[in-house]
Amino acid sequence: MPKRILQGTVTSDKNEQTVTVLVERRFKHPLLHKTVRSSKKYRAHDAENQFKVGDTVRIVECAPVSKTKRWTVLTEEQASA
């Protein structure tokens, strides 16, 4: 089964080897037919502490790294390959 890849913005990098990524999705409301914005925060593993607040990153599903981390940040080399 393919792993999900999401794109979002880093909102926090205060923890060691962890970033908090805000992922926003847009969809049309089924009844009102208006575009609705919905967002969710994910905690992702950042091994080298290379991403800072405001960076746009891609995260991919992985095996659990800790109690809250189920995602890993894709680096530029991994994203292009």
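View 1. Arg26 touches Thr35, Val36 and Arg37, leaving out residues up to four places away in sequence. The model shown here is predicted. Arg26 sits in strand S2. Its relative accessible area is 56%. Arg26 is therefore classed as exposed, since the cut-off for that class is over 50%. The side chain of Arg26 also makes a polar contact with the side chain of Glu24, at 3.4 Å. Asp13 and Arg26 are 13 residues apart in sequence, and their C-alpha atoms are 25 Å apart in space.

**View 2. The whole chain.** The protein chain has 1 helix and 5 strands. Read from the N terminus, the order of elements is β-β-β-β-β-α. The C-alpha atoms fill a box of roughly 45 × 30 × 25 Å along the principal axes. How much of the chain is buried? Buried residues make up 25% of the 81 residues. Contacts between residues at least 6 apart in sequence were also examined, and 51% of them join residues at least 24 apart.

**View 3. A salt-bridge network around Glu24.** Glu24, Arg26 and Arg37 are linked in a network of salt bridges. Glu24 meets Arg26 through their side chains, with N to O at 3.4 Å. Glu24 also meets Arg37, with N to O at 3.8 Å. Glu24 lies in strand S2 and Arg37 in strand S3, so this pair ties together parts that are 13 residues apart in sequence. Which of these residues are exposed, and which partly exposed? Glu24 is partly exposed, with a relative accessible area of 38%. Arg26 is exposed, at 56%. Arg37 is exposed too, at 57%.

**View 4. The salt bridge between Arg4 and Glu61.** The whole structure holds 3 salt bridges. One of them joins the side chains of Arg4 and Glu61, with N to O at 3.0 Å. Why does this pair link parts that are 57 residues apart in sequence? Arg4 lies in the segment before S1, whereas Glu61 lies in strand S4, so the two ends of the bridge come from separate parts of the chain. Arg4 counts as partly exposed, at 47% relative accessibility. Glu61 also counts as partly exposed, at 25%.

**View 5. Strand S1 and its partners.** Strand S1 covers residues 5–12 and runs antiparallel to S4, joined to it by 5 bridges. Gln7 stands opposite Arg58 of S4. S1 also pairs with S2 in the antiparallel sense, over 3 bridges. Here Val10 has Val21 of S2 as its bridge partner. S1 and S2 form a hairpin, with 5 residues between them. In the turn, Gln17 has a positive phi of about 60 degrees.

**View 6. The largest nonpolar core.** How many residues make up the largest nonpolar core? The core has 11 residues. Among them are Val10, Tyr42, Phe51, Ile59 and Trp71. Strands S2 (18–28), S3 (35–45), S4 (56–61) and S5 (71–74) each supply at least two residues of this core. The largest share comes from S2, with 3 residues. In soluble globular proteins, nonpolar side chains tend to be buried together.

**View 7. Val23, a member of the core.** Val23 belongs to the largest nonpolar core. What does Val23 contact, leaving aside its neighbours within four places in sequence? Its contacts include Leu6, Gln7 and Gly8. Ser38, Ser39, Lys40 and Tyr42 are also in contact with Val23, and so is Ile59. Tyr42 and Ile59 are members of the core as well.

**View 8. Asp46, a buried acidic residue.** Asp46 is placed in the loop between S3 and S4. Asp46 is buried yet has no salt bridge. Which side chain of opposite charge is nearest to Asp46? That side chain is Lys52, and it is 6.8 Å away. A polar atom of the Asp46 side chain lies 3.3 Å from the backbone nitrogen of Phe51. Not counting residues up to four places away in sequence, Asp46 touches Gln17, Thr18, Val19, Phe51 and Val73. Val19, Phe51 and Val73 also belong to the largest nonpolar core.

How values were computed: Residues are numbered from 1 along each chain as its sequence is written. This is a predicted model: local features need pLDDT of at least 70, side-chain atom pairs count only at pLDDT 80 or more; totals for chains, interfaces and linings use all residues. Side-chain values use heavy atoms; hydrogens and water are left out. A nonpolar core is a set of buried Ala, Val, Leu, Ile, Met, Phe, Trp, Tyr and Cys residues joined through side-chain atoms within 4.5 Å. Buried means under 20% relative accessible area, exposed over 50%, partly exposed in between (1.4 Å probe, protein chains only). Helices (H or I, at least four residues) and strands (E, at least two) are DSSP runs, numbered from the N terminus. Contact means heavy atoms within 4.5 Å. Two strands pair if DSSP finds at least two bridges between them. Lys and Arg count as positive and Asp and Glu as negative; His and the chain ends are not counted. A salt bridge is a side-chain nitrogen of Lys or Arg within 4 Å of a carboxyl oxygen of Asp or Glu. A polar contact is a pair of N or O atoms within 3.5 Å; within protein, one must be able to donate a hydrogen and the other to accept it, and residues adjacent in sequence count only if both atoms are side-chain atoms.
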